[in-house]
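Hi everyone, thanks for coming. Let me put the structure up on the screen, and then we'll walk through its cavities, its cores and a few strands.

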Amino acid sequence: MASFKITGGKKLQGEIIPQGAKNEALQIVCAVLMTKEPVTIHNIPAIRDVNKLMELLEDMGVRREKVGEGSYRFQADNVNFDYFETPEYKEKASALRGSIMLLGPMLARFGKGKAPRPGGDKIGRRPLDTHFTGFQKLGAEFIYDPNDAFYTVEGGKMKGAYVWMDEISVTGTANVLMAAVMTEGTTTIYNAACEPYLQQLSKMLNSMGAKISGVGSNLLTIEGVKELHGCEHTMLPDMIEIGSFIGLAAMTQSEITIKNCRIPELGIIPDVFRKLGIQMEFRGDDIHIPAQTHYEISSLIDGSILTIYDAPWPGFTPDLISIVLVTAIQAKGTVLIHQKMFESRLFFVDKLIDMGAQIILCDPHRANVIGLNREHQLRGIRMTSPDIRAGVSLLIAAMSAEGTSIIDNIEQIDRGYQFIDKRLNAIGAEIVRI
């Protein structure tokens, strides 16, 4: 198990380019199964979850060729279904949360699919009922064997249908959407997630010959087609990484320019960080963060305490709640952080309290952060990363602290952030992988 040793108090300066979007990549890479023709994808992040998913596709018989930095050509013209019965498939797929999105493409193209119960972050309950309820509404048969923890779907009798999503799930919407694209008839998906990841997937599928309308809204209409063709697709920069860099710049009093951000796709993310008092300037498609000695949290019009909470898109993404929380530690003022979706995502704050942060964990979903206004510095400690976003939040805290910190279990950080130590060291950080 690897660790990071971080020397705190270093001010960063320079330019940094965000990686391709992790959450988009997991959907897009699964979608290559939907055609036998070549599919070329650009800006794929070199992170553990995505690399493991691409390796899993290769084990299934999908050919993969590197055609440039972050660019691959895939061809799924010879998928080996015998592989799905092997212990190797169960072991590899169960280690990846994103493997569940193989089911929609397999249902669409082959009429059947099989996947083990997936792993992923330990951030609370993450039920998959929405995926399978959607498949069933299309006419698929769902079978779950609790003895071997395998999900099986059979789609020989699928027809277009009205699908109400019980939960506004990004992965659930993506899975049902991919299954519906090649299902005979018209499917409407209401209460659909509409994150930029879903919009990108829909645009890619349409370029392959799908007929999806309502892209960007919570009502998708899909006219089923018989087959899809090859395409070329470029992924968005990772908006979670962009938000992480904004918070990092503020906490470490650093001057950073984040390049090629696709700012119109960021929604309210910049506005939420502005509510913490963080200055930023849009320079074309770049975000420039000046070095700030102090930043002050806004209060509401009546003077009451600001609340920042997550919500389905176009609300504030839950993946940045941990980043906002840690960024507020050195602000002036108080903010209530309300993480509505996952009941275990705030449990890393005990480590921040050990570092000297003033945080009251009200319950599993809410934390009150009383900003230190740089009157006291955090102190370096040894800690463990419980999930991807908490891991980077702890990294930000450690980089702003006095002394040396060690973060264990950094495999969690590597799952979502590409060469984060090397990229931050290039602009002045001091992070050693041990």
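Let's start with the largest cavity, which has a volume of about 60 Å³. By cavity I mean a set of points, on a 1 Å grid over the protein atoms alone, where a 1.4 Å probe fits but cannot get out. Grid points are joined across faces, edges and corners, and the volume is the space filled by probe spheres set on the points.

A word on the model: it is predicted, so local features need pLDDT of at least 70 and side-chain atom pairs count only at pLDDT 80 or more, while totals for chains, interfaces and linings use all residues. Residues are numbered from 1 along each chain as its sequence is written, and side-chain values use heavy atoms, with hydrogens and water left out.

So what lines the largest cavity? Among the residues there are A21, P196, Y197, R262 and E265, where lining means having an atom within 4 Å of a point. By class, 8 lining residues are nonpolar, none is polar and 2 are charged; here Ala, Val, Leu, Ile, Met, Phe, Trp, Tyr, Cys and Pro count as nonpolar, Asp, Glu, Lys and Arg as charged, and the others, Gly among them, as polar.

The second largest cavity has a volume of about 50 Å³. Its lining includes S244, F245, V392 and L424, and α12 (388-400) gives the most to it, with 4 residues. Helices (H or I, at least four residues) and strands (E, at least two) are DSSP runs, numbered from the N terminus. This lining has 8 nonpolar residues, 1 polar and no charged.

L424 comes back in the largest nonpolar core, where L424, F273 and I258 are among the residues that touch the most other members, out of 79 residues. Such a core is a set of buried (under 20% relative accessible area, 1.4 Å probe, protein chains only) Ala, Val, Leu, Ile, Met, Phe, Trp, Tyr and Cys residues joined through side-chain atoms within 4.5 Å. Apart from this one lies another core, of 73 residues, including A140 and M204.

Finally, please look at β8 (residues 150-154), where 4 of the 5 residues are buried. On one side, β6 (residues 112-116) runs antiparallel to β8 over 5 bridges, with G113 partnering V153; strands pair if DSSP finds at least two bridges between them. β7 (residues 141-145) also pairs with β8 in the antiparallel sense, over 5 bridges, and I143 stands opposite T152. The β7–β8 hairpin has 4 residues between its strands, and A149 in the turn has a positive phi of about 55 degrees.

Terms used. Buried means under 20% relative accessible area, exposed over 50%, partly exposed in between (1.4 Å probe, protein chains only). On a 1 Å grid over the protein atoms alone, a cavity is a set of points where a 1.4 Å probe fits but cannot get out, and a pocket is an open set with protein on both sides within 12 Å along at least five of seven lines; lining residues have an atom within 4 Å of a point.
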